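Good morning, everyone, and thank you for making time for this. Please have a look at the sequence and the structure on the screen, and then I will take you through a few residues before we turn to the whole chain.

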Amino acid sequence: MNNIVWHNHSVTKEMHAELNAQRPCLLWFTGLSGSGKSTIANALELELHKLQQRTYLLDGDNVRHGLNKDLGFSDEDRVENIRRVGEVSRLFVDAGLIVLSAFISPFRSDRQIARDFFPEGEFIEVYVSTPLAVCEERDPKGLYQKAREGVIKQFTGIDSPYEEPEAAELVLDTSVLSVRDSVEHIISYLRSQGRIS
Ligand code: ADP
């Protein structure tokens, strides 16, 4: 690292944002598998797109097919998974986009690392707090069943911990909120913060 020098680019983060006429930020969705992170993030991205916002959605499973395909689900690999996603999110926010990242991200310390990449207000933690029983009942990918049978090890909520956020900007329990309600909550929040008009 000693011989690597940081280049200051002429086109800055602020200039990217200005050209896009928007206030870039990162919406970080965290919660159990099946809680609704991807579903809400996907619906939100469509809504933001209709509002002429330039966005990018980073999704846990998709990233594990590419950038992070060398990583597994040990504690160490989960930390690295989130570190890389935090870095990529930062690059995309620098590029002037509103980024939506949907990752279980079970450890508080990792989410903190991602939060620390950003100035105050640019990292918006969305805790999808749907109870485990509901997620397990939905089991959209059949993963809870496999985890209960012991076919999958270290599954969050079953034999690997999920540390609840203590101060998420938004908490959405999809056992009581529809997808539409959840999207509206987030849009209202972004408006209240002056992130979108
Ligand atoms: P995650 O990304 O958190 O693993 P997914 O979005 O992949 O979760 O899966 C959530 C599942 O729950 C989907 O099959 C979705 O259709 C279903 N679901 C039912 N009700 C809701 C709701 N109110 N909000 C979000 N998802 C819901």
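Predicted model: local features only at pLDDT ≥ 70, side-chain atom pairs only at ≥ 80, totals over all residues.

Let me begin with Ala21, which counts as exposed because its relative accessibility is 66%; here buried means under 20% relative accessible area, exposed means over 50%, and partly exposed is what falls in between, all with a 1.4 Å probe and protein chains only. Residues are numbered from 1 along each chain as its sequence is written, and side-chain values use heavy atoms, with hydrogens and water left out.

Coming back to Ala21, you will find this residue in the loop between α1 (13-20) and β1 (25-30), where helices (H or I, at least four residues) and strands (E, at least two) are DSSP runs numbered from the N terminus. Its phi is near 50°, a positive value in a residue other than glycine. Gln154 also has a positive phi without being a glycine, in this case near 55°, and Gln154 sits in the loop between α7 and β5. Gln154 is partly exposed, because its relative accessible area is 36%.

In the loop between α7 (143-148) and β5 (170-172) we also find Glu166, and Glu166 is exposed, with a relative accessibility of 68%. From C-alpha to C-alpha, Glu166 and Arg108 are 8.6 Å apart in space, although 58 residues separate them in sequence. If we leave aside neighbours within four places in sequence, Arg138 is in contact (heavy atoms within 4.5 Å) with Gly34, Ser35, Gly36, Thr130, Thr174 and Ser175. Arg138 is partly exposed, since its relative accessible area is 37%.

What about pairs that are apart in space as well? Val5, in the segment before α1, is exposed at a relative accessible area of 63%, and its C-alpha is 32 Å from that of Gly72, which is 67 residues away in sequence. His16, in helix α1, is 28 Å from Thr39 between C-alpha atoms, at 23 residues apart in sequence. Apart from neighbours within four places in sequence, His16 is in contact with Val11, Asp94, Ala95 and Gly96, and His16 is partly exposed, with a relative accessible area of 30%.

Is Ser105 buried or exposed? With a relative accessible area of 3%, Ser105 is buried, and this residue lies in the loop between β3 (98-102) and α5 (108-116). Beyond the neighbours within four places in sequence, the contacts of Ser105 are Trp28, Phe29, Thr30, Ile82, Arg111 and Tyr162.

A disulfide is a covalent bond between the sulfur atoms of two cysteines. When the whole structure is searched for disulfides, counted as pairs of cysteine sulfur atoms within 2.5 Å, the result is zero.

Now let us step back to the whole protein. How many helices and strands does the protein have? There are eight helices and five strands, and from the N terminus on they follow the order α-β-α-β-α-α-β-α-β-α-α-β-α. The radius of gyration, taken over C-alpha atoms, is 17 Å, close to the 16 Å that the globule rule (2.2 Å times the number of residues to the power 0.38) gives for 197 residues, so the protein is as compact as a globular protein of that length. Along the principal axes, the C-alpha atoms fill a box of roughly 55 × 45 × 30 Å.

Of the 197 residues, 45% are buried. Among contacts between residues at least 6 apart in sequence, 75% join residues that are at least 24 apart.
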